[in-house]
Amino acid sequence: MNVYQEALCYLESHHAAAEAGGEVLEDVFQEEAVSCFLSPLSSESIDFPDTPTACSREEMLEKRLVVLRGILDSEEVYLRELDALLAPMKALRASAGTSQPVLSSQQVQTIFYQIPELRNAHQSFYSGLKARLGAHAPPESGSSQDVPSCSNSELEMGDLFLKLVNHLGLYGGFIENYEKALEVVSKCTQANPLFRTLAETLYINGANKTRTAYTLEALLYKPLDRITKTTLVLRDLLKTTPVEHKDYAALQEALRLSQSFLSGVNESSQSKREVTLSHGMRRQLMRDGFVVDASDGVRSLRHFFLYTDLLLCTRFKHAGRGKQDQYRFSWYLPLAGLRLRWVADHELPPDTAVRLLTLRTKMFLLRQQLQQNPKGARGLTLTARSRKKLEQMELLLLTHSPVYRLDLHSPSGKSHTLFFPSLYELEEWRDTIHKLTTGNVETIPPDLLTLTSACVKLRMTQQPHLNSSVAGVYVCVEVDGYEFYDKQAQTHSSVRSLNPLWDQELSFQVDGAQKMMVLCVSQSDGEEAVLGKTTVQLESSSLSSRWRRQTLQLGQLEVTLSLKYCPHQLEAPGAPIQQPPVFCVPIEKVAQQEGVLVPHVVRCCTEEVERRGMDEVGIYRISGTATDISSLKAAFNTNLREAVSRLRSAEVNTVSGVLKLYFRELPESLVPPDLFQSLAKTLDIQDMNSRLVSMLSLLQSCPDVNRNTFLYLMHHLQRVAKRQDVNKMTLMNLATIFGPSLLRPPVAGLEHNGVRVDISQEVAIQVQVVFSYLQSDNLPEAQTSVPYGSDTEEETTH
C-alpha cells in the first residue's frame, strides 16, 4: 500500500467509524438510557466512534476560522524550521570557494536542494493567509481607526491553497534527493569535525523566546513530515466549509491535487519507515497502555505509545470480526525539554463519587446476574449482552475514577493532563519518561500516518486492563482486584521524624486481588515525589488470619508493615463508612478507634506547626480566623485524609488554633481533674528538682493515652520555645495559653468542700503547673503507638 492509499484509509476511517456507534449504544444501554452513569459521565470517554452531528452554517464557519488560524500557526512554526535549516547554507557556500572549504559547492547543493524554493513558496502562502485573517479580525475596542474587515462567510482562501498545492512539485525533487542529502551529511559529519559541530548544533527559536536544539538530519526530515500533513489539513478545512461557499470548489481541487501527489510517494521508502536519531539510535517503542487523557477538559480513555523520542496519544477503535483494529491520531509531544509534574487529587467531586458508587452497584448486580443466567440459546444471548454491557460500564469506571494527575509541559507551550487510577502506574510512566529525557534527546518529527498505522503491530497492551475477568512523607498502599471496591488508601503525612510511626490500620475489601503496591511519597512546597515503590504478591500460601510482619525495601527506604487476611462474602458496595468524630469526644475513645496512644489530630497539627510555624511571631498566641478553624475541625471529624491535605495549605495560625480547640473541647481535661489539688500542692515545694519528681510521679498515675499525649505536647512546646528569639514565644507564654485547657479543677470554680476558689488563683495554678513541666529537662519521651506483648512481637507490628 502506498502513502496515498493509506492517507485515504486514515481520512475515510472517520466516516466508517461513525456508522457503527449508534447501534452499540442502543443495544448495550437501551435499558439504562437515562441512567446516572451515562450523564454527566460522558460516554465519549469510552472512545465510541464519532457520530455525525448537524451543524448550522454559522457553526461550520466558526470551526473553519479555527482551522485556518491553526494552519497559520503551523505555517509560522514550519517557516522557523526552514529558516534554521537554511541558516548555515550561506556560510557553507562562501567557504566552498576558499582554500579550506568545509564542504564543496556540490555537497552544499545536494544537502540544501530545493529548500530555498520551498521556503519562498510557504512564505508567500503564510503572508497571504496572515493578511486575509488579519483583515477578518474585528477592530479592537476603543479604536478610532477604520480597520478593513469582512464577514466570516466572505473570507476566501481557496486560491492561496491552490497556489501552494501547485508548488508540491518542489517536494518531489526534495524527496528524490533526500537519501543523497542524508548520505552527504553522514559522510561529512564523520570526516570533518567543523561540519560535525555545525550539524549537531542547529537551533530553532520558539515564539516564547525559547531555543530548541536540532541536528541537521532532524531538520531535513521536516519537509517530509509536511507532505503528509497537507492532505489532512485540506480535508479538515473542506469539512468545515459549506458546499455553497465560494472556496469549496477550489479546496476540492486542491485536495485532489494533493492526493494525486501522495499517490507517487511510496510508503516503503527507507527514509520514512526508519528514522535514525543521534548516535545511530533508532526510534523504538518503550511502553504503551491505556491512560485517561483530560487535555480538552473532558476525560477520554486513550492508548498511549511512548517512543524513545516522543509520546504519542491515539484513539483506539476495536474492529469487528475479520477486520484489523484501527488507531486514530490525537496528539504527540516530543520528549526533548518535556517537564512533568504529578498531583494527587485524592478526592473525587461528591457528585462524581455518588455516580461512580451507583455504577459500581449496577456492575455488581450485573455480575451476579451473569452467574445465574439460564443455559441454552436464550441464556447464551443474555450472557453475551450482559458481558458487553458490563464491559462498557467498566470502561466508564476506568475513565472517571482515576485521581492521580500527571501534567505534561512542552517547551513549545503545549500542555496535556493525564489521569491514572494507581500511583504505582503513574510512577512507572513518569520514571520511564524521566529516564528517556535525562539523556541528549533528539526528536525527529514523525510521519503521523506511518507511525499511527504501525501502532497495531507495535502495541504491547491489547486492551484496557479490565478486572472482571510537602517535606511531608506518607505511605500509599494500593491493591488490584475487581473495581467494585476502593482499591487504595494512604497514611497521614508525617513531617518531623526521620523514622515516622504512622500507627494506622488500612483495610481493603477486594475481590480477586493478586498483588499489593506500596509507595512512599514526599511532599515539599506543594510538590510531591515518589521516594520508592515495591509490590507484594498476595499468594494464598502466604495469607494468614494472624498479623504477619514484613519489611519492604523501597529503593533506599525501608517500610515495615503487618498483613492480615480475612475472607468475606461478596456483597454490593456500600457508601463509604463515616469516620467517627474526634472533637468533643473523650480522648481515650479517639485513641482507641485509631489504635494509637496520641491522637492523629494532635500529631498532625504539631508536625505541621514544626514544619512551617516555628519562626512565626506569636505562634499559638495569634489564632487563625474562626471560619477556617471551624472548617478544618469539620474535616478532622469526617475525613482524616482530607484534613491532612488541607493542613498543608491552611494558614499556620489556623493549624495552631485547631490544636488549641481540640484540647479546649475535650469533655474532660487532658490532665485528669482529680489530680488538680495534688498538683497544686506540689507548687509549694521550693526545691525545683523535688517538685518535678513529685509532679512526674503524679503524671504516671494518668491513663496511658492522657500521659503520652501530654508528654508529646510538652516536648513540642519546648521545641517551639527554643525559637523564642524569633517567634517571641517563651515557656511562660506557652504555659499561659495551654494551662487552662490542659488542667481543670474537678468542678469548675469549686473545691471538694464546695468553697468557691478565686478564678485568678485557679488560672495561676493551671499556668504554673504546665510551666513547671515545660521547665523540666528530663521529661520522659512519649509513646505514640500501642505496645505489643512479647509473645506476638515477632509476628506483629503496628
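A: In this predicted model, helix H19, which covers residues 587-594, packs against H26 with the two axes 9 Å apart and at an angle of about 90°. Because angles of 65 to 115 degrees count as roughly perpendicular, H19 is roughly perpendicular to H26. On the H19 side, the residues that meet H26 are Ile587, Glu588 and Ala591, and in H26 their counterparts are Val705, Asn706 and Thr709. By type, the residues of this contact of H19 with H26 are 3 nonpolar, 2 polar and 1 charged.

Arg719 pairs with Glu610, and their closest N and O atoms are 2.9 Å apart. This pair links distant parts of the chain, since Glu610 belongs to helix H20 (residues 600-612) while Arg719 belongs to helix H26 (residues 704-721), 109 residues apart. The two partners can be told apart by their accessibility: Glu610 has 17% and counts as buried, whereas Arg719 has a relative accessible area of 25% and is partly exposed. The cut-off explains the labels, because buried means under 20% relative accessible area.

The structure as a whole holds 11 aromatic pairs. In the pair of Phe710 and Tyr773, the ring centres are 5.1 Å apart and the planes stand at 75°, so the pair is edge-to-face.

Another aromatic pair joins Tyr662 and Phe663. Their ring centres lie 5.5 Å apart with the planes at 70°, so this pair is edge-to-face. Tyr662 and Phe663 are both buried. Elsewhere, one aromatic cluster is formed by Phe290, Phe305, Phe316 and Tyr327.

Back to charged side chains: a search of the whole structure gives 21 salt bridges. One of them sits within helix H16 (residues 423-437), where Glu427 and Arg430 are 3 residues apart, about one turn of the helix. The closest N and O atoms of Glu427 and Arg430 are 2.9 Å apart. Glu427 is buried, with a relative accessible area of 4%.

Helix H3 (residues 57-86) holds Arg80 and Glu76, which are 4 residues apart and so separated by about one helical turn. The side chains of Arg80 and Glu76 form a salt bridge, at 3.5 Å from N to O. Arg80 counts as partly exposed at 23% relative accessibility, and Glu76 is partly exposed with a relative accessible area of 33%. Salt bridges can also join into a network, as they do for Arg287, Glu428 and Lys533.

Thr201 is found in the loop between helix H9 (193-199) and strand S1 (202-205). Its relative accessible area is 38%, which makes Thr201 partly exposed. From Thr201 to Ala213 the separation is 12 residues in sequence and 6.2 Å in space, C-alpha to C-alpha.

Note on methods: Residues numbered from 1 in each chain as written. Predicted model: local features only at pLDDT ≥ 70, side-chain atom pairs only at ≥ 80, totals over all residues. Heavy atoms only, no water. Helix = DSSP H or I, 4+ residues; strand = E, 2+ residues; numbered from the N terminus. Buried < 20%, exposed > 50% of the residue type's maximum accessible area, 1.4 Å probe, protein only. Salt bridge = Lys/Arg side-chain N within 4 Å of Asp/Glu carboxyl O. Axes fitted to C-alpha atoms, helices over the stretch in contact; angles between N-to-C directions. Parallel < 35°, antiparallel > 145°, perpendicular 65-115°, else oblique. Contact = heavy atoms within 4.5 Å. Nonpolar A, V, L, I, M, F, W, Y, C, P; charged D, E, K, R; others polar. Phe/Tyr/Trp six-rings, centres within 6.5 Å; stacked < 30°, edge-to-face > 60°.
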